[in-house]
Amino acid sequence: MIELTRLDGTELVLNAELVAWVEPTPDTLVTLTTGSKLLVTETVLEVQERVVAYRQRVFSALLLGVPGERVLFP
């Protein structure tokens, strides 16, 4: 999960696995695999970095058995 901020300032937590693509329009538009779209204050690069960091944490926990990391699937 990654934390993002809507344009009105409210924070949300998004399942990073649902991100289909991210584009600047001029605000950052996140399109999900479900077809839903979110406008967020973070830049495209910030969203990308958060998704990559999330996936690194998940795969590290799976492959290395990192103590303290919660794995949400077997």
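1. The protein chain holds one helix and five strands, where helices (H or I, at least four residues) and strands (E, at least two) are DSSP runs numbered from the N terminus. Read from the N terminus on, the elements follow the order β-β-β-β-β-α. The model is a predicted one, in which local features need pLDDT of at least 70 and side-chain atom pairs count only at pLDDT 80 or more, while totals for chains, interfaces and linings use all residues. Residues are numbered from 1 along each chain as its sequence is written, and side-chain values use heavy atoms, with hydrogens and water left out.

2. As to the chain totals, 27% of the 74 residues count as buried, a term that stands for under 20% relative accessible area, with exposed meaning over 50% and partly exposed in between (1.4 Å probe, protein chains only). The accessible surface comes to about 5100 Å², and 57% of this surface belongs to carbon and sulfur atoms; these areas come from the Shrake-Rupley method with a 1.4 Å probe, and for residues only the protein chains shown count as cover. Among contacts (heavy atoms within 4.5 Å) between residues at least 6 apart in sequence, 31% join residues at least 24 apart.

3. S1 and S2 run antiparallel and are joined by four bridges, two strands being taken as paired if DSSP finds at least two bridges between them. Within this pairing, glutamate 3 has valine 13 of S2 as its bridge partner. The hairpin of S1 and S2 has five residues between the strands, and glycine 9 takes a positive phi near 95° there.

4. Aspartate 8 also deserves a look, as it lies in the loop between S1 and S2 and is exposed, its relative accessible area being 61%. Its side chain is joined to that of threonine 10 by a polar contact of 2.7 Å; such a contact is a pair of N or O atoms within 3.5 Å, of which, within protein, one must be able to donate a hydrogen and the other to accept it, and residues adjacent in sequence count only if both atoms are side-chain atoms. Aspartate 8 and threonine 41 are 33 residues apart in sequence, and their C-alpha atoms are 8.9 Å apart in space.

5. Three strands form an open antiparallel sheet in the order S3-S4-S5, with S3 (19-24) and S5 (37-40) as the edge strands, each of which pairs on one side only. Neighbouring strands of this sheet are turned by 20° against each other on average, direction ignored; axes are lines fitted to C-alpha atoms, for helices over the stretch in contact, and angles run from 0 to 180 degrees between N-to-C directions. S3 and S4 (residues 28-32) pair over five bridges, and glutamate 23 has leucine 29 of S4 as its bridge partner.

6. Threonine 31, found in strand S4, counts as buried because its relative accessibility is 3%. Its side chain makes a polar contact of 3.4 Å with the side chain of lysine 37. Leaving aside neighbours within four places in sequence, the residues in contact with threonine 31 include Leu18, Trp21 and Ser36.

7. The largest nonpolar core has 14 residues, of which Ile2, Leu4, Leu14 and Val30 touch the most other members; a nonpolar core is a set of buried Ala, Val, Leu, Ile, Met, Phe, Trp, Tyr and Cys residues joined through side-chain atoms within 4.5 Å. Two or more residues each come from S1 (2-5), S2 (11-14), S4, S5 and helix H1 (44-64), and H1 gives the largest share, four residues. Leaving aside neighbours within four places in sequence, leucine 4 is in contact with residues including Leu12, Leu14, Val40 and Val47.
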